[in-house]
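Here is a friendly walk through one structure, in questions and answers. Have the viewer ready and follow along.

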Amino acid sequence: MNKIIKTILVMTAITFISSCSKPTETPATSAADKANPQQTYHWKLVTSWPKNFPGLGVAPERLASWVKEMSGGRLQIKVYGAGELVPALEVFDAVSRGTAEMGHSGAYYWKGKAPGAQFFSSVPFGLNAQEMNAWLHYGGGLQLWQEVYEPFGIIPLAGGNSGVQMAGWFNKEINSVEDIKGLKMRIPGLGGEVMTRLGALTENLPGGEIFTALQTGRIDATEWVGPYNDLAFGLNKAAKFYYYPGWHEPGTTMELTVNKKAFEALPKDLQAILTVAARAVNQDMLDEYTAKNNAALKQLIENGDVKLRPLPADVLEKLQEVSDQVVLELSEVNPNAKKIYQSFNEFRSNVIDYHKISEQSYINARRTPE
Ligand code: CA
């Protein structure tokens, strides 16, 4: 990258940061001010995904590459796949401890530590990708998220979005709410709680363990992401019925977590580069999924005996009813969750009304050219 472009990128980054809300701003005599601008930083980034997994695993690699380029090599980030440095579901602890300076994962995995965190990954029947990004960056969501992670010494940033996911892979048809009873399903977060209340036996498994669990019959059903990622795991070889839509994850945000002390010790330009690179990765992942899911679904249908099915309307209605209860109860767990719920819910109500006459009405109106 030539010097002029690099300078423009850095200047844009700094302008961008200073125009955003400033929850990560540090005092005048901060570590950042004392940092040596010539120093090279070597960071570790741990993830919950297999190394280089399409979409999820590629995003942190892109972040590392862009940061290295924009910083002229002054901030170098080495990315570790799940289990390489720490297990998939210990990313949060590793970043909190400082074992790694950064992590890439999903906030709903940490519901045992901070119940309110679940609002920042995905809420059943909640916001889609476009709306999540709007709430986080222009509706106060990111600031609330930073407050939730503050006690853990972690700064969260949005680090990707899957778009609307699929409801998942099932080894039998779901024709009624009754069919959910006794179903052994891998489904994390609030969606998992909803399925549990409808009689399913749910658990969360790291992505890398899903295929074997489904193939061996340890579970009867699983959700993962969508066609692009599900094809990569070969889930079509382990179950036949592929249901939509992903009511439980309508626009899941992945998180980039940064150890607060490590972040504050960076010079300010590197802080800006990192923050803007995260914002770029956040959008980039959604672009990748949007571009790849359609072709992957065609491949899944053409190559095998996959049965693509919509969830019946009455099942979706019941799921929504229970989801509303589960989310309301989550808001009552502690004052922090209540505050997030109020912000989320208000944003959701307003955006639903507006999107009825904009996005939704347009999608309903358009058709494929003859
Ligand atoms: Ca999922």
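Q: Which residues are linked in a network of salt bridges?

A: This is a predicted model, where local features need pLDDT of at least 70, side-chain atom pairs count only at pLDDT 80 or more, and totals for chains, interfaces and linings use all residues. Residues are numbered from 1 along each chain as its sequence is written, and side-chain values use heavy atoms, with hydrogens and water left out. A salt bridge here is a side-chain nitrogen of Lys or Arg within 4 Å of a carboxyl oxygen of Asp or Glu. By that rule, the linked residues are Arg62, Asp284 and Glu288.

Q: How many residues apart in sequence are the parts that Asp284 and Arg62 tie together?

A: The side chains of Asp284 and Arg62 meet in a salt bridge of 2.8 Å, N to O. Asp284 is partly exposed at 22% relative accessible area, and Arg62 is partly exposed at 26% (buried means under 20%, exposed over 50%, partly exposed in between, with a 1.4 Å probe and protein chains only). Helices are DSSP runs of H or I with at least four residues and strands are runs of E with at least two, numbered from the N terminus. Asp284 lies in helix 11 and Arg62 in helix 3 (residues 58–70), so the parts they tie together are apart in sequence by 222 residues.

Q: In which strand does the salt-bridge partner of Arg218 lie?

A: Arg218 forms a salt bridge with Glu203, and their closest N and O atoms are 2.8 Å apart. Arg218 sits in the loop between helix 8 (210–215) and strand 8 (221–222), 15 residues away in sequence from its partner. Glu203 is partly exposed at 27%, as is Arg218 at 44%. The strand that holds Glu203 is strand 7 (residues 201–203).

Q: Which residues coordinate the calcium ion?

A: Donors are N, O and S atoms within 2.8 Å of the metal, or 3.2 Å for Na, K and Ca; water is not among the atoms, so sites may look incomplete. In sequence the donor residues are spaced Q-x57-E-W-x24-E. The distances run from 2.1 to 2.8 Å, and the donor residues are Gln165, Glu223, Trp224 and Glu249.

Q: How many residues apart are Gln165 and Glu249, two donors of the calcium ion?

A: Gln165 is buried at 4% relative accessible area, and Glu249 is buried at 2%. Gln165 is in the loop between strand 4 (154–161) and strand 5 (168–170), whereas Glu249 is in the loop between strand 9 (241–244) and strand 10 (253–259). The pair links distant parts of the chain, and the separation is 84 residues.

Q: What kind of aromatic pair do Phe92 and Phe152 form?

A: Rings of Phe, Tyr and Trp (its six-membered ring) pair if their centres lie within 6.5 Å; planes under 30 degrees apart count as stacked, over 60 as edge-to-face and the rest as tilted. A search of the whole structure finds 19 aromatic pairs. In this one, the centres are 5.0 Å apart and the planes are at 75°, so the pair is edge-to-face.

Q: Is Phe92 buried or exposed?

A: Phe92 belongs to helix 4 (residues 91–97), while Phe152 is in the loop between helix 6 (141–149) and strand 4. Phe152 is partly exposed at 24%. With a relative accessibility of 1%, Phe92 counts as buried.
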